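Let's take a walk through this structure together, starting with strands and ending with domains.

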Amino acid sequence: MISQVNAACICHMQVQMVKIEALVLDGLPELTLVGGADSSVKESAVRVINALKNAGIKLPPKRITLNFYPAEEKKTGSHMDLAIAAAILAAYAVIDRQALQNSIFIGEVGLNGAVLPVRGVLPILTQTKPSQGRQCYIPLQNAEEAALAGETIVYAVSTLRELIDGLQGKQAPFRPAGQAPAAVPEEDAADFKDVSGQPAVKRAVKIAAAGMHSFLMIGASGTGKTMTARRLRRILPPLTRQEQMELTALYSLVGSCSIDKMPVTERPMRSYSAGTGLKRLTGDLKKQFPGEMVLADRGVLFLDELSAFPANTLEIIRQASDEGRVRFDDGGRIFSLPAGFMLVSCMNACKCGAYPDMGKCTCSIAEIRRHAARISQSFLERTDICIHFPHIPYEALSTSEKAQRETTQMMQDEVHRAFEIQRQRYRDIPITSNRDLTPDMIKTYCRLDPAQEKLLQETYEKLHLSARTMHSVLKVARTIADLEESEKIGTAHLIEAIGLRNIDRNFWKV
Ligand SMILES: [Zn+2]
């Protein structure tokens with residue numbers, strides 16, 4: 001008798017839908033696997049047969065053949081244990097084959113018959129077509145994650161016995177309440193109130209956060225660049241429900257989120273510094289690690305001390321930033337994962353770190369130029385805002401000054417208001433923030449009056465801006481107008497945006 005079961009596995013960080021057929025014939029006991037299953041799946045089948053015996057199921061010794069298809073796709077891992085168990089049980093007529101229709105089985109099985117949690121349940125369920133299963137059997141520990149998938153009927157099992165009883169109709173399988181886990185925001189005591197004497201910096205960071213614009217912080221060490229980066233996450237725009245689901249599915253797929261942290265409700269903040277290995281950035285297929293660029297999707301990728309990055313690393317980041325995805329080569333088969341990160345970086349303006357304070361800088365002009373030249377123009381062009389961190393005057397460190405400083409809450413309120421304006425404005429197009437405006441969209445949403453056009457044209461010619469940089473200026477001007485709750489971009493908004501972009505001229509044209 002042949003049985004057929006819907007299953008899925010995760011191969012190189014991608015969901016692979018699988019059908020498993022089991023055939024049981026009389027003859028010398030033998031277990032044969034065909035259809036692209038690797039050695040880990042063979043181990044699965046052996047484990048499952050022993051687990052069934054340990055669960056008290058008597059299976060007479062016979063020739064068992066398991067067929068996995070589509071055969072040309074590789075099958076790997078332990079995700080298919082539960083499905084293999086169901087297929088064998090149906091082939092032995094322990095359960096009715098009809099009971100397997102319209103169902104998908106996901107989960108690992110222990111030798112003692114326990115059903116163990118697996119990663120990637122949410123992305124598997126969101127990619128399961130109705131024809132592949134309207135109901136799913138999953139490990140109990142994955143129940144909350146599965147509830148996020150919405151429409152599928154979820155049955156949670158903690159042992160093989162429960163699965164068998166449920167499929168035999170002896171006992172109704174457990175249906176979790178369907179309650180998706182509540183969001184638990186992470187506590188972070190770091191507040192912008194602690195960043196002293198940098199009101200212009202805070203203003204620029206607020207603008208960057210409100211439109212999700214990329215920015216580069218330049219300044220000597222001790223001026224607050226890392227402090228600022230650490231506090232950025234708290235003022236970023238909130239994730240929409242759809243974004244939360246997509247991000248949770250991605251994190252579940254790559255196994256970078258524990259079950260108790262689901263759903264992902266906050267934008268990720270990932271950092272990378274040169275010298276920690278390129279694979280940490282780009283990912284490692286063998287280790288099923290997607291890399292920091294993918295883990296920073298819809299959040300921030302922070303690059304510490306940019307001038308230490310080799311040119312080819314910057315080029316890899318630039319490419320991923322342009323495409324919003326990272327490509328992987330799985331033995332000639334190319335696939336990609338999302339990497340829509342906001343790029344935030346920091347660096348010293350010169351080797352000694354004191355430039356442009358010429359009284360303190362010990363570098364020669366040639367050294368300052370060499371330092372700046374480490375960052376290519378094409379990388380700089382992807383930076384919407386350059387923020388200079390000046391030396392902090394002594395008075396700024398006083399307690400009375402601290403009382404007047406802007407707090408994280410104040411900045412967050414402003415950013416959230418500006419983001420809501422963007423969300424409303426772009427509700428009919430597939431973007432949520434100003435940084436994603438295409439050149440065509442810029443024509444529609446960043447209109448200037450004739451006097452402003454003239455100002456921009458003069459700036460374009462005087463500063464030898466590229467078309468890309470000019471678009472950056474317009475997008476940032478749009479965000480500044482949104483922060484002021486102004487429907488139209490004002491001249492002051494445009495001038496401020498030009499000023500925020502122009503600072504690289506001060507450092508790269510010494
Ligand atoms: Zn110097």
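Two strands count as paired here if DSSP finds at least two bridges between them. With that in mind, and remembering that this is a predicted model, look at strand β8, residues 135–139, beside strand β9. The two run in the parallel sense and are joined over five bridges, which passes the cut-off of at least two.

Now move along to a pair with the antiparallel arrangement. Strand β13, residues 325–330, and strand β14, residues 333–338, are joined by six bridges. Here D329 stands opposite I334 in β14. What do β13 and β14 form, and how many residues lie between them? They form a hairpin, with two residues between the strands.

From strands we can turn to helices. Helix α6 (residues 199–211) packs with helix α18 (residues 467–483), their axes 9 Å apart and at an angle of about 100°. Angles of 65 to 115 degrees count as roughly perpendicular, and therefore α6 and α18 are described that way relative to each other. On the α6 side, the residues that meet the partner helix are I207, A210 and G211. Facing them in α18 are K475, V476, T479, I480, D482 and L483. By type, the residues of this contact divide into five nonpolar, two polar and two charged.

Finally, step back to the domains. The domain assignment of the protein gives domain 1 as 2–167 and domain 2 as 192–432. Taken over C-alpha atoms, their centres are separated by 42 Å. Where the two domains touch, domain 1 gives 17 residues and domain 2 gives 16 residues. Which elements give two or more residues to the domain 1 side? They are β2 (14–25), α3 (121–127) and α4 (143–147). The largest share comes from α3, with four residues. Sorted by type, the domain 1 side of this contact holds eight nonpolar, six polar and three charged residues.

Methods:
Residues numbered from 1 in each chain as written. Predicted model: local features only at pLDDT ≥ 70, side-chain atom pairs only at ≥ 80, totals over all residues. Axes fitted to C-alpha atoms, helices over the stretch in contact; angles between N-to-C directions. Parallel < 35°, antiparallel > 145°, perpendicular 65-115°, else oblique. Contact = placed C-beta atoms within 7 Å. Nonpolar A, V, L, I, M, F, W, Y, C, P; charged D, E, K, R; others polar. Domains from an automatic or database assignment.
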